[in-house]
Number of protein chains: 2
Amino acid sequence: MPNTQPKIDMHLRCGDCPIRHRAVCAYTQADELVKLDAIKTYKTFKAGETLFWAGEDMASIGSVVNGVATLARSLPDGRRQMVGLLLPSDFIGRPGRKKAPFDVVAASDVLVCTFQKKQFDEMIAKSPALERRLLDMTLDELDSAREWMLLLGRKTAREKIASLLAIIARRDAAMSKLTPTDGLVFNLPLTREAMADYLGLTIETVSRQMSALKRDGIIEMEEARRICVPDYAALLDEAGDDSDGGVLD
Amino acid sequence: MPNTQPKIDMHLRCGDCPIRHRAVCAYTQADELVKLDAIKTYKTFKAGETLFWAGEDMASIGSVVNGVATLARSLPDGRRQMVGLLLPSDFIGRPGRKKAPFDVVAASDVLVCTFQKKQFDEMIAKSPALERRLLDMTLDELDSAREWMLLLGRKTAREKIASLLAIIARRDAAMSKLTPTDGLVFNLPLTREAMADYLGLTIETVSRQMSALKRDGIIEMEEARRICVPDYAALLDEAGDDSDGGVLD
DNA sequence: ACGCCGCCTTGATCAAGATCAACCACGTGC
DNA sequence: GCACGTGGTTGATCTTGATCAAGGCGGCGT
């Protein structure tokens with residue numbers, strides 16, 4: 001990937017990959033996996049590094065293996081909106097398009113499993129499993145993007161913050177085993193600025209609303225990035241939407 | 001489709017279909033088209049009719065043939081956000097999911113080419129062309145959803161209105177032949193309320209900003225729904241983003 | 001130790017847009 | 001004709017969140 005000198009990691013076997021069953025490769029069988037294994041390259045990026053700039057040619061695409069990256073776009077005067085959060089197993093880039101529509105920035109240190117775009121496009125053309133998985137992932141992302149539009153367009157600052165915390169709490173609980181329950185603790189992978197960019201707010205408003213939620217006992221916060229949710233239902237309630245965050249089937 | 005008694009139209013041959021080359025079926029060859037032709041049904045809906053309610057089971061899916069439908073979701077207290085505009089050739093529904101994540105409402109009278117979900121899912125599993133086309137369409141929709149997130153999160157009311165008008169003007173110009181040029185006239189397919197829902201504003205703000213743009217000579221407006229853009233570049237300028245609206249390749 | 005920088009918080013003030021409230025221009029039904 | 005409903009506009013006022021400004025805290029380099 002351009003503009004950076006990422007470290008190239010060792011070559012992890014696909015079979016041992018932590019995201020094997022959730023990434024683009026999830027539906028591929030052993031034989032196809034071997035081919036993917038042969039053409040993939042691991043790259044690492046440090047927190048803050050930009051993997052791609054909006055408008056720039058994307059010669060490679062890939063999957064986040066660990067860490068968090070963000071998708072964002074800026075207006076000419078500097079106003080910035082994050083339009084996606086890329087978590088482990090999420091796909092970076094899109095087949096059939098040369099230019100990146102958005103900036104891709106590492107929010108934490110990130111490990112990415114990359115492929116040369118050209119090679120990957122060829123693989124996809126021959127692998128229904130790969131294509132099917134990409135379709136499913138894209139449909140899911142579209143749903144969450146639309147969900148986010150509701151938040152951006154209609155929720156209050158407090159509801160936005162509560163929604164974001166609920167999402168991170170839920171994902172975090174899911175990662176570490178259980179369903180979101182009471183008393184769960186997690187740390188925020190985002191700075192206040194990143195939260196603001198994600199929610200369409202300023203950092204001051206984010207900070208104030210975090211303090212307000214703490215004051216109201218919805219969250220506990222020893223350090224700015226260490227959050228405890230004593231009552232998950234209460235947090236969801238503050239998020240504004242009745243359902244538990246849009247579980248569909 | 002449930003909750004409605006749509007009129008069933010005559011059976012238009014796929015080969016004569018106005019959206020033949022832009023809809024899901026765009027990549028399919030003659031032999032597959034015959035199969036689609038055999039299982040499709042046309043349905044019509046009147047302006048204001050709801051095709052699906054969020055959370056409801058979707059037994060059928062399909063393509064908008066003509067008219068405009070909207071995708072929207074409401075918060076429990078009634079705040080409403082439109083999350084997508086479905087124009088001719090756009091796809092309604094998603095394979096692999098039973099429940100509709102959003103309300104689908106006809107904004108004008110709408111003609112839809114529908115398939116039973118089960119049958120369509122089977123077709124997709126067997127047709128790479130269909131699947132590939134759906135992937136491309138979904139990726140495009142994802143990009144525009146993200147574009148819209150930037151608008152919702154960071155643009156001012158005036159910029160939002162200008163952006164929407166620019167988009168509609170551009171699409172309208174494209175439909176009727178030429179590239180967006182000066183002095184183009186079109187009529188808004190949306191009420192002020194629909195515009196407000198789309199832009200995350202109130203109808204009063206929409207109305208005021210429309211008046212302001214008129215006062216400033218950016219648009220002309222004899223009737224509320226009849227717009228003339230004397231200087232397309234000036235309109236784009238008001239929209240805030242420098243590029244001409246995100247043309248990518 | 002010190003200063004500095006990044007990240008966060010808090011306060012005071014301001015302004016964009018929401019809300020509340022009339023009112024207009026229509027079409028439609030009686 | 002008139003009453004009524006829908007969609008749109010405009011004005012006055014209020015509220016939310018942005019902006020401007022100051023300061024706290026922890027880490028890090030010298």
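What share of the contacts in chain A between residues at least 6 apart in sequence join residues at least 24 apart? In this predicted model, the share is 75%. The secondary structure of chain A consists of seven helices and twelve strands. Its radius of gyration is 19 Å, close to the 18 Å that the globule rule gives for 249 residues, so chain A is as compact as a globular protein of that length. The C-alpha trace of chain A spans about 55 × 45 × 30 Å along its principal axes. Of the 249 residues in chain A, 42% are buried.

Chains A and B meet through 39 residues of chain A and 39 residues of chain B. On the chain A side, strand S6 (80-86) and helix H3 (128-154) each supply at least two residues. H3(A) provides the largest share, with 19 residues. By residue class, the side of chain A that touches chain B divides into 16 nonpolar, seven polar and 16 charged residues.

The same surface serves both copies, as 100% of the contact residues of chain A recur in chain B.

The model also contains DNA. Around DNA strand C there are 17 residues. Those that come nearest are Thr191(A), Arg192(A), Ser207(A), Ser211(A) and Thr205(B). Two or more residues of this surface come from each of helix H5 (192-199) of chain A, helix H6 (203-215) of chain A and helix H6 (203-215) of chain B. H6(A) gives the most, with six residues. The surface near DNA strand C comprises five nonpolar, six polar and six charged residues.

DNA strand D is likewise surrounded by 17 residues. Here the closest are Thr156(A), Thr205(A), Arg192(B), Ser207(B) and Ser211(B). At least two residues of the surface near DNA strand D come from each of H6 of chain A, helix H5 (192-199) of chain B and H6 of chain B. The most come from H6(B), which gives six residues. Five nonpolar, six polar and six charged residues form the surface near DNA strand D.

Technical notes
Residues are numbered from 1 along each chain as its sequence is written. Chains are lettered from A and ligands numbered from 1 in the order in which they are written. This is a predicted model: local features need pLDDT of at least 70, side-chain atom pairs count only at pLDDT 80 or more; totals for chains, interfaces and linings use all residues. A residue is near a molecule or strand if its C-beta atom, placed from the backbone, lies within 6 Å of it. Helices (H or I, at least four residues) and strands (E, at least two) are DSSP runs, numbered from the N terminus. Ala, Val, Leu, Ile, Met, Phe, Trp, Tyr, Cys and Pro count as nonpolar, Asp, Glu, Lys and Arg as charged, and the others, Gly among them, as polar. Two residues are in contact if their C-beta atoms, placed from the backbone, lie within 7 Å. The radius of gyration is taken over C-alpha atoms; the globule rule is 2.2 Å times the number of residues to the power 0.38. A residue is buried if 20 or more other C-beta atoms lie within 10 Å of its own, exposed if 12 or fewer, and partly exposed in between; C-beta atoms are placed from the backbone.
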